[in-house]
Amino acid sequence: MKKWIEAMRLRTLPVSVAGVVAGTACAIYHHGFSVLPFLICFFFAVLAQIASNFANEYYDFKNGLDKKGREGFRRGVAEGDIKPEQMKKATYFTLLLAACIGATLVIWGGWWLIFVGLAIGVFALAYSAGPFPLSHNGLGEVAVVIFFGFIPVVFTEYVQTRIFYFDSTTALTAAAIGLMAANVLIVNNYRDFDDDREVGKRTTAVIFGRRVMAAVYYADGIFAAIFLAMASTQLPFWVSAGWLSYFALHTILWTKLRSLSGRALNDILKWTSLLLLAVSCYLLIIFASVAPAPDEFLLFP
């Protein structure tokens, strides 16, 4: 069981949770909240990310990009803990389970949401597999901004409110969450720079170098803080203290990022991920501060 838990990469899962929580915060801000769609989005997002993590292990091993003793988290397939065929089956089973759960969202959003789910499923595999794997060609961060930022925030809000708001609050929140999620991948690629360069895996860190990506990491955090401050201009003044705290913590992580290497960066990845989750929960609190009374919420469809 431990080997499968390691393969799920629990330290990265807050990335998928954060988008759903932030989307729910936007739904509450726009006077809409529904328990069942929120829970379905939550489990769908987590399962889709686990499937993508499984696929990454299987296809990177299959393509000769993983080896024993690799930096970062233990790779079960490369280390011989999990057989490749077992990982392949687990990948598609988890993706199928996510699809079955996610398909129930058509009750709230309509049948056309199936196409959104298909796009998410394709991304979960295309990140590591196919003729043009995104993570191997410098497009991983861009895909993360879209699939862990805009899509979960916008569509989690939509299935709860049944309205596409996409106003400045939703758009800026989605952009901020996406940039912070991309930072988790930046730390991952920064850590794996030597291993990836050796096997020809063209991540952004390999293409642009560690120094540039460290600067991008910091810039992402700055723009995320700015976007969140802009998204919450109509909220109580005390909200600003939260964004200042986030900026300070982000600066500390950036400083540590530049001074560490190898497995020591696993903690930076973990805290970058947890900081993202903390921000999404903070959004939930502050957006709820201007939400309607509880008896006005849509608890069920």
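In which helix is the place of isoleucine 114? Isoleucine 114 sits in helix α6, residues 113-126; helices here are DSSP runs (H or I, at least four residues), numbered from the N terminus. This is a predicted model, so local features need pLDDT of at least 70 and side-chain atom pairs count only at pLDDT 80 or more, while totals for chains, interfaces and linings use all residues. Residues are numbered from 1 along each chain as its sequence is written, and side-chain values use heavy atoms, with hydrogens and water left out.

Isoleucine 114 counts as partly exposed, with a relative accessibility of 33%. That label belongs to a simple scale: buried means under 20% relative accessible area, exposed means over 50%, and partly exposed is in between (1.4 Å probe, protein chains only). Isoleucine 114 also belongs to a nonpolar patch on the surface, together with Trp111, Trp112, Phe115, Leu118 and Phe164.

Next come the aromatic rings. A pair of aromatic rings is described by the distance of the centres and the angle of the planes. Rings of Phe, Tyr and Trp (its six-membered ring) pair if their centres lie within 6.5 Å; planes under 30 degrees apart are stacked, those over 60 are edge-to-face and the rest are tilted. By this rule there are 19 aromatic pairs. One of them joins phenylalanine 123 and phenylalanine 147, which are stacked because their centres are 4.4 Å apart and their planes are at 0 degrees. Phenylalanine 123 is in helix α6 and phenylalanine 147 in helix α7 (residues 140-161), so this pair ties together parts that are 24 residues apart in sequence. Phenylalanine 123 is buried at 7% relative accessible area, whereas phenylalanine 147 is partly exposed at 21%. Tryptophan 243 and tyrosine 282 make an edge-to-face pair, with 5.1 Å from centre to centre and 90 degrees between the planes. Tryptophan 243 belongs to helix α12 (residues 239-259) and tyrosine 282 to helix α13 (residues 266-288), so here the linked parts are 39 residues apart in sequence. Both tryptophan 243 and tyrosine 282 are buried. Elsewhere, Phe33, Phe38, Phe42 and Phe43 form one aromatic cluster.

Rings can also have a charge over them, which here requires NZ of Lys or CZ of Arg within 6 Å of the ring centre and within 35 degrees of the ring normal. Arginine 258 lies over the face of tryptophan 254, 3.9 Å from the ring centre. Arginine 210 does likewise with tyrosine 190, at 5.5 Å from the ring centre.

Side chains of opposite charge can pair when their charged atoms come close. With a side-chain nitrogen of Lys or Arg within 4 Å of a carboxyl oxygen of Asp or Glu as the rule, the structure holds five salt bridges. Aspartate 194 meets arginine 210 in one of these (3.8 Å, N to O). The partners lie in helix α9 and helix α11 (residues 210-231), so the pair ties together parts that are 16 residues apart in sequence. Aspartate 194 also bridges to arginine 197, with the closest N and O atoms 3.7 Å apart. Those two are three residues apart in helix α9 (residues 193-199), so about one helical turn separates them.

What about disulfides? The structure holds zero of them, a disulfide being a pair of cysteine sulfur atoms within 2.5 Å. The sulfur of cysteine 26 is 13 Å from its closest cysteine sulfur, in cysteine 41, which is too far for a bond. Cysteine 26 is buried at 0% relative accessibility, and cysteine 41 is buried at 7%.

Finally, the backbone. Most residues other than glycine have a negative phi. Arginine 9, although not a glycine, has a positive phi of about 60 degrees, and phenylalanine 166 also has a positive phi, near 45 degrees. Arginine 9 is in the loop between α1 (2-8) and α2 (14-29), while phenylalanine 166 is in the loop between α7 and α8 (168-191).

Notes
Patches are made of residues with over 30% relative accessible area and no salt bridge: like charges are joined within 9 Å, nonpolar side chains (Val, Leu, Ile, Met, Phe, Trp, Tyr) within 5 Å. Accessible areas come from the Shrake-Rupley method with a 1.4 Å probe; for residues, only the protein chains shown count as cover.
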